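The report below is meant to be read alongside the sequence and the coordinates. Please keep both at hand while following the residue names.

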Amino acid sequence: MYYIALCDDKEEELEKAESMLKIYKQQHSDRGLMIRKFQKAADLLEAVRDKTYMPDLVLMDIFMPGELGVDAARKLREMGSGCEIVFQTVTKEFALEAFSVDAVQYLLKPVAQDELFLVLDKLWKKRQKEEQKFLVIRVGNSICRIPVQEITYVEAQKKFQNLYLSDGTQYMLRLTMAKIYEMLSEHEAFVKAGVSYIINLIHVKSISAQSVKLDNGMQIYLPRGAYPGLKEQYFRFYCTEDDC
């Protein structure tokens, strides 16, 4: 899902923005857009502070009673929110200050549909590129974004699978090994070692017939018959035709 928050004190502006977003949502039904409206910045901040709502994108008016959009955006950043922020307003007066809170765009009202759609397309492409660097998974009742390069290996454990990071962190996942491998397979460094392991070759220091040693000192004891295939994949990953 891609959560979009609309924040504007004027109901008619909220309705207009929501209408355009619904058209965009129909045109891109595969993107799972979820739209939520806020007439007060304080309500948005409260939802984020309470961790009941974590938007991916905030479309926010600069001038709102009680709190400027820039000030609300600064509080979002102080709370650790990394959401994309797009400001909408009738004046360029706060343009420079808007970018001080890492806003990605500053749109002048009335915002044209084509202009908004171009911004959404750009942000979606950026999101897709970033997501290739992370594995997004459910752990218990939480959704976690795990840096792919930090994953050292995954070990099968009956109903659960254990995923290990280079710093020793362990996640217990209620996913099949087949599903985890499918999620990681676009990254060529991840290979299977029998049916029990998925290993990130980037973290492999050495391989023997019995075990794999990782660069963080961890050691994986290989299942019977896994060594020949793993050794071949290891050489193929690190060697060009000229080198090997």
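This is a predicted model: local features need pLDDT of at least 70, side-chain atom pairs count only at pLDDT 80 or more; totals for chains, interfaces and linings use all residues.

Residues are numbered from 1 along each chain as its sequence is written, and side-chain values use heavy atoms, with hydrogens and water left out.

## Cores and strand β4

A nonpolar core is here a set of buried Ala, Val, Leu, Ile, Met, Phe, Trp, Tyr and Cys residues joined through side-chain atoms within 4.5 Å, where buried means under 20% relative accessible area, exposed means over 50% and partly exposed lies in between (1.4 Å probe, protein chains only). The largest such core has 23 residues, and Leu44, Met60, Leu76 and Phe87 have the most contacts inside it. Two or more residues each come from β1, α2, β3, α3 (69-78) and β4 (84-89), with α2 giving the most, namely five. These elements are DSSP runs numbered from the N terminus, with helices (H or I) of at least four residues and strands (E) of at least two. A second, separate core of 20 residues includes Tyr2, Ile4, Leu107 and Leu120.

Strand β4 is mostly covered, six of its six residues being buried. Glu84, Val86 and Gln88 point one way from β4, whereas Ile85, Phe87 and Thr89 point the other way. Strands β3 and β4 pair in the parallel sense over five bridges, pairing being assigned if DSSP finds at least two bridges between two strands. Met60 stands opposite Phe87 in β4. Apart from neighbours within four places in sequence, the contacts of Met60 (heavy atoms within 4.5 Å) include Cys7, Leu44, Ala72, Leu76, Val86 and Phe87.

## Aromatic rings and charges

A pair of aromatic rings is described by the distance of the centres and the angle of the planes. Rings of Phe, Tyr and Trp (its six-membered ring) pair if their centres lie within 6.5 Å, and planes under 30 degrees apart count as stacked, over 60 as edge-to-face and the rest as tilted.

| Pair | Centre to centre | Angle between planes | Type |
|---|---|---|---|
| Tyr3 and Tyr53 | 6.4 Å | 85° | edge-to-face |
| Tyr234 and Phe235 | 6.1 Å | 80° | edge-to-face |

Tyr3 in strand β1 (residues 2-7) and Tyr53 in the loop between α2 (41-49) and β3 (57-61) are 50 residues apart, so that this pair links distant parts of the chain. Tyr3 is partly exposed at 32% relative accessible area, whereas Tyr53 counts as buried at 8%. Tyr3, Phe38 and Tyr53 form one aromatic cluster.In the second pair, Tyr234 is buried at 18% relative accessibility, and Phe235 is partly exposed at 47%.

A charge sits over a ring if NZ of Lys or CZ of Arg is within 6 Å of the ring centre and within 35 degrees of the ring normal. Arg36 lies over the face of Tyr53, at 4.7 Å from the ring centre, and the charged end of Arg145 sits over Phe134, 4.1 Å from the centre of that ring.

## The sheet β13-β14-β15

Three strands form an open, antiparallel sheet in the order β13-β14-β15. Strands β13 (204-207) and β15 (219-221) stand at the edges with a single partner each, so one side of each has no neighbour in the sheet. Three bridges join β13 to the antiparallel β14 (residues 211-214), and Ser206 stands opposite Lys213 in β14.
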